[in-house]
Amino acid sequence: MRTYRLHTAVETARTLIQHIINCMNEEPNKIFHIAFSGGNTPSLMFDLWANEFRAETAWKRMRIYWVDERCVPSDDSESNYGTMRRILLEHVPISDSYIFPILGANDPKAEAFRYSKQVEKSVPIVFGLPSFDMILLGVGEDGHTASVFPGQEHLFCSFRLYEVSINPHTNQKRITMTPNVILNAQRVIFLVSGKNKKNVVRDIVNSGDLTPAAYIAHHASNVELFTDVND
Ligand code: 6PG
């Protein structure tokens, strides 16, 4: 795993955005299928992207998906899609036909199935599973990533592309990409900011497979960590 340690959340987000732009510029004829996570951390990145990197991003070569979604309508403040649309997507020249939201207001099981079919149709298949060019992941303080929480390790055995899960802290239903799809990505990128994430960053970098995030970090083939957490 390549680790990029910066001093602040802003520097971390800027460095990650520039890294994504550089990766896309290295393959100027390629369409990039990128799945984003939600939560609070990416919001700073989305804001900086809209305000500082809009012009240099190849938006027409980007196809945008979600790693997970809360089972709420898109106008709910909890919506990962709604948040990214409000902060970034409404401010950049990307066609709606290149944006594939998980519809959080739909019946969860039906939406997990529908979205799995959408991803299967749109994302190139490698080793029998969709292989995203980049998957951006956050990490919760309990070591969850995507919406795969400790104690939900059964999701690691699923060969469905997306499953319904539950945030055990809030009982909120989620739709999540399953670990086998995450592990099949060309590049897995963790974005982790905040002193409260010191322990999970240590787990990702040093420990065994103690949590979903650590397992993914240790078993994905090409992993990068961008963080402002410094030991
Ligand atoms: C979500 C995310 C989730 C998130 C972590 C970290 O929908 O909540 O996909 O995995 O990345 O919980 O969230 P914060 O950035 O808010 O700490």
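**Reading the sheet, its helices and its salt bridges**

Author: Let's start with the sheet: 6 strands form an open, parallel sheet in the order β1-β11-β10-β7-β2-β3. Strands here are DSSP runs of E with at least two residues, helices are runs of H or I with at least four, and both are numbered from the N terminus. Two strands pair if DSSP finds at least two bridges between them. This is a predicted model, where local features need pLDDT of at least 70, side-chain atom pairs count only at pLDDT 80 or more, and totals for chains, interfaces and linings use all residues. Residues are numbered from 1 along each chain as its sequence is written, and side-chain values use heavy atoms, with hydrogens and water left out.

Reader: Thanks! Which strands stand at the edges of the sheet?

Author: In general, strands of a sheet pair through backbone hydrogen bonds, either parallel or antiparallel. Here β1 (2-5) and β3 (62-66) each have a single partner strand, so one side of each lacks a neighbour in the sheet. From one strand to the next, the twist averages 20 degrees. For a closer look, β7 and β10 pair in the parallel sense over 3 bridges, and I135 stands opposite V188 in β10.

Reader: And which strands does α1 lie across?

Author: Helix α1 lies across β1, β2 (32-36), β3, β7, β10 and β11, and runs at about 145 degrees to β11. Axes are lines fitted to C-alpha atoms, for helices over the stretch in contact, and angles run from 0 to 180 degrees between N-to-C directions. Contact means heavy atoms within 4.5 Å.

Reader: How many salt bridges does a search of the whole structure find?

Author: The general idea is that side chains of opposite charge can pair when their charged atoms come close. The search finds 10 salt bridges, each with a side-chain nitrogen of Lys or Arg within 4 Å of a carboxyl oxygen of Asp or Glu. One of them joins R174 and D68, whose closest N and O atoms are 3.9 Å apart. That pair links distant parts of the chain, with R174 in strand β9 (residues 172-177) and D68 in strand β4 (residues 68-70), 106 residues apart.

Reader: Are R174 and D68 buried or exposed?

Author: Both R174 and D68 are buried; buried means under 20% relative accessible area, exposed over 50%, and partly exposed in between (1.4 Å probe, protein chains only).

Reader: What about K117 and E120 in helix α4?

Author: An α-helix has 3.6 residues a turn, so residues three or four places apart point the same way. K117 and E120 are 3 residues apart in α4 (residues 108-122), about one helical turn, and their side chains meet in a salt bridge (3.3 Å, N to O). K117 is partly exposed at 44% relative accessibility, and E120 is partly exposed at 40%.
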